[in-house]
Structure formats: C-alpha cells, structure tokens
Amino acid sequence: MVDIMSRRRLMQVAGAAAMMAGATPLFAAATRKPRVLRSDFLWGAATAGHQVEGGNVNSDSWVSEHLKPSAFAEPSGDACDSWNRWREDIDIVKRLGLNTYRFGIEWSRIEPERGEWSLAALAHYRQMLDYCAQLGLRALVTYSHFTVPRWFAAAGGWEEPSNVDLFVRFCEKAARALGDGYSHALTFNEPNLAAQLSWQPEFRQAMPMFAMGNAAAARQVGSDRFSSTLTADQARAVPHQIVAHQRAVEAIKSVRPDLQLGLSLSMADEQAGPGKSALQRKIAEVYAPWFEAVAKDDFVGVQTYGRAVVGPDGDLPPLGGVELTQTGMEFYPEALEATVKWAAKATGRPIIVTENGVATGDDSRRIAFIDRALAGLGRAVDAGVDVRGYIHWSLLDNFEWNRAYTARFGLVSVDRNTFARTIKPSGSHLGTYARTNRI
Ligand code: BGC
C-alpha cells in the first residue's frame, strides 16, 4: 500500500515537472490505461485528387504550375499515378489496419467543360468506392480540395457570385452518382487556408507574384480574369464560398439525407506572442466566419499541423533552436489537443480530425508526432469532446503544392520513377492504434 502510494506520488511529481518543461508527462502516458474509443471511430489516411492522381490537366492548378515563372517548384506531372494505381492505394489502407480512406473527387475530371459531364470519370470514382466497400473500408469524400476546373477559374472562380450555382450543381450531380458509396463527405477542404496564410509574412510578400500569376493564367486560357482558390481575393471569395457550402449541403442532403456532411478547417494552435498581439483580429478574420457557417453541419473537420504564435503584425517565425519540419514549421504535435477542444467549443459540433501530420524525411519523428498528437487527442476525449475520427495526412508522399515533391508527409513512400509504394514504419504504427481502437 505504502509502496503504491509513494509510486503514485512520484508519478505526479514527475508528470508536473515534465509539464512545466513543456514535455508530455511520460510516466502518466506510460501507466494510464489506454482509452477505448467509440466502436465506429474512423481511423484513416487521406489523399487529395490533384496531389496523387497525376495528369489533372483540366484543373486551375495545372495551368498555374506551367506558367513561367511559376510559384510551383515543379509541375505535378504524374504525381503518384493514383489515377491508375488507386486499387493498390486502397489495398494499403486496408493492410495498415485502418478502416477509412479519405480521398477527393476531382471536379475538373467530372465536368471537364461547363455542363459536360464525364461518365467515365464518375465510373472511375464509383469503382474506387465499390472497392472500399468490398474491403470493408469507409470512404470520406472531399468534393473540393483546392483545385477547380480551369473553366471555372477562368470565369472568376469563387470571386464571382453566380459561380456558386455551378458548384452546387456539381455536388448534387456527384451525390446522385456516387452518394450511396460513402458515409461522410466534406464540401470544401480548408476554405480558410488562404486567409490563414496571409498572416505569414512570406506569403504576404508573395501576393504580388500570385496576382501576376493569375493575370498570366488568364492570358493563357483566353479569359479576362482567372481566380484560383488559394490566390483569390479572399474578401470577395469567402462570402461566396460560405453560401456555396451551405447550399451544397442542402443539395447533397436532398439526394442523400443519410450522409454525414461538413467541411474542414485549417486550424493552428493560435497563441498570443509577446507584447501586443493581433491574435483576436486574426481569429476574427480567419476562423469566426467559418465557425458560424458550420453551425448546422453534422461534424467539423479539424486539420492541424502545428502552432502559430501571433505578433502585432502577423505570425512570428519559430524560435531559434526548435525542431523544424520540412516545411519550416515548428515540430509541435500538441497543437491537436488545443485545436480539437477549440473547434468543439466554438462550434458545438462533433469533431473528425480530417488531417494531421508532419513533413519529415525521418520516419521516427513521424512516429513520435503520431504518439504525441494522439495522446493529446485522448486528453480532448477525456475532457468530453465528441471526437469521431482521426485521419492522417497523408497516405502517400505526394505533390505538396508549391513545394512539389520536396516535403514528405506520407505513411507510405512512392518511388518517383517506378511509383512503387513502400509502407513506412509510421504506417504500421498508426495501424496498431487503429486495430486496437485505443489511444
Ligand atoms: C492540405 C493538404 C496539404 C497539407 C500539408 C493541408 O493544408 O489540405 O492538401 O498537402 O496541408 O501541407
């Protein structure tokens, strides 16, 4: 008895000391009984059409990637050739022990010209959904993961109010053709990302280049304007995207009332820096409109990669000496606990973590990231947050937008010449959590 009491006390002291040092209290983590999660908890890995399929030639991004000069390190090209290798990708999700595959359906393939629908593209996604079902996997589908058809961008993209109808029509059409094949869907992936990035000094500096890029793309496609999701004028685009989301949800529900629908938000653990911080202004700009917009959704998708420390004029760079990821962010998996709790409190909706991950060439750091992020997620569950899933970004090392192939987020590596997939230890590691359904 005395022995047990003193061990417990020792653990409390060690835990408190570790927390004061900013570290995870290891004793507590090692000795606490893992939580069993709800039986329908989604354990998954995510991809996005443009980042893995390859040859997405009809998208706005393909146009921008081929401008000279371009903001992209290199064009997406064949990406991971998942347009052809999708079966292998789904097999891997199953082999890892996960129960969910999140992937995107590309509007630019399904509606290659305004009002022209590709039955072959719909059939392609149908086959993917059927194969998931055959393997007992759930599918969580993204309708719009940044990319839009080039004709849509050429017509002013999200900046043009009448374009909302076009997105709603696409969502309804896709729901009719495919909606019985999945249980969950996101209308938009991170529609608040551009606003969030505009708080980063480097992004702000690049804005004139984005404007030049849009003008060059417009010339390329023979239009007098070209507006890509991430480089659009956010003050004009966001109000239309909010309406597009709400109308798309209604349209999809009118076809498939049983689907769980939401959107995902890019959420950093937003912290006030020293001195006078603009944190509240940032939250009002980047998050508040979307927290309101999702008030009636079935869930909110939380996507978290780290923390942002906000100074008087924008985000501050990471402190010297901290561990950095391949995208220059601080390695900070604890952000997930904070964002999940925040999203639940701000929206009152159930939460699905639809992306969380780290860009690293050292897979042992990904394992550490997963352990620490999931420990935090467990604390959020203990605090009463209704968390319904954890979907890791990403299944594959893939086309990381402007960074092209230099940042590796995958649980699985992809040979750039042969497209051969190799499961990394972190993939099997995440699978162990999924198989036991415990964190
Ligand atoms: C996006 C992904 C991206 C990931 C890592 C998220 O913002 O949804 O498309 O690859 O972050 O940067």
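The side chains of Arg-102 and Glu-355 meet in a salt bridge with an N to O distance of 3.1 Å; a salt bridge here is a side-chain nitrogen of Lys or Arg within 4 Å of a carboxyl oxygen of Asp or Glu. The pair links distant parts of the chain, 253 residues apart, with Arg-102 in strand E2 (residues 100-104) and Glu-355 in strand E9 (residues 351-356). The model is predicted: local features need pLDDT of at least 70 and side-chain atom pairs count only at pLDDT 80 or more, whereas totals for chains, interfaces and linings use all residues. Residues are numbered from 1 along each chain as its sequence is written, and side-chain values use heavy atoms, with hydrogens and water left out.

**Salt bridges**

- Both Arg-102 and Glu-355 are buried, where buried means under 20% relative accessible area, exposed over 50%, and partly exposed in between (1.4 Å probe, protein chains only).
- The count of salt bridges comes to 27.
- Asp-89 and Arg-421 form another salt bridge through their side chains, at 2.9 Å from N to O.
- Asp-89 belongs to helix H5 (residues 82-96) and Arg-421 to strand E12 (residues 421-423), so this pair ties together parts that are 332 residues apart in sequence. Helices (H or I, at least four residues) and strands (E, at least two) are DSSP runs, numbered from the N terminus.
- Asp-89 counts as buried at 0% relative accessibility, and Arg-421 is buried with a relative accessible area of 12%.
- Arg-256 forms a salt bridge with Asp-258, the closest N and O atoms being 3.3 Å apart; Arg-256 counts as partly exposed, at 23% relative accessibility.
- A network of salt bridges links Arg-38, Asp-40, Asp-386 and Arg-388.
- In general, side chains of opposite charge can pair when their charged atoms come close.

**Gln-303 and the strands around it**

- Gln-303 is placed in strand E7 (residues 300-304) and counts as buried at 0% relative accessibility.
- The side chains of Gln-303 and Arg-102 are joined by a polar contact of 3.0 Å. A polar contact is a pair of N or O atoms within 3.5 Å; within protein, one must be able to donate a hydrogen and the other to accept it, and residues adjacent in sequence count only if both atoms are side-chain atoms.
- Not counting residues up to four places away in sequence, the residues that Gln-303 touches include Arg-102, Glu-355, Ser-264 and Asn-189; contact means heavy atoms within 4.5 Å.
- Strands E5 and E7 run parallel and are joined by three bridges, two strands being paired if DSSP finds at least two bridges between them.
- The bridge partner of Ser-264 in E7 is Gly-301.
- E4 and E5 also run parallel, with four bridges joining them; His-184 stands opposite Gln-260 in E5.
- Six of the seven residues of E5 are buried, and the strand is thus described as mostly covered.

**Helix H12**

- H12 (residues 234-255) has 22 residues, which at 1.5 Å a residue should span 32 Å; its end C-alpha atoms are 31 Å apart, which agrees. The expected span is 1.5 Å times one less than the number of residues.
- Among the buried residues of H12 are Gln-234, His-240, Gln-241 and His-245, together with Val-238 and Ile-242.
- The elements that cover these buried residues include strand E3 (138-144), H9, strand E4 (184-189), helix H10 (193-197), strand E5 (260-266) and helix H14 (288-293).
- At the start of H12, a side-chain oxygen of Asp-233 reaches to within 3.1 Å of the backbone nitrogen of Ala-235.

**Nonpolar cores**

- The largest nonpolar core has 108 residues, of which Trp-43, Phe-103, Ile-105, Tyr-143, Phe-167, Val-340 and Leu-377 touch the most other members. Helix H9 (residues 164-178) gives the most to this core, with nine residues.
- A nonpolar core is a set of buried Ala, Val, Leu, Ile, Met, Phe, Trp, Tyr and Cys residues joined through side-chain atoms within 4.5 Å.
- Ile-105 touches residues including Tyr-125, Val-141, Tyr-143, Phe-170 and Leu-178, not counting those up to four places away in sequence.
- A second, separate core has 13 residues, including Ala-48, Ile-352, Ala-359 and Ile-391.

**Glu-330**

- Glu-330 is placed in the loop between strand E8 (307-310) and helix H15 (335-347), and counts as buried at 16% relative accessibility.
- The side chains of Glu-330 and Arg-307 make a polar contact of 2.8 Å.
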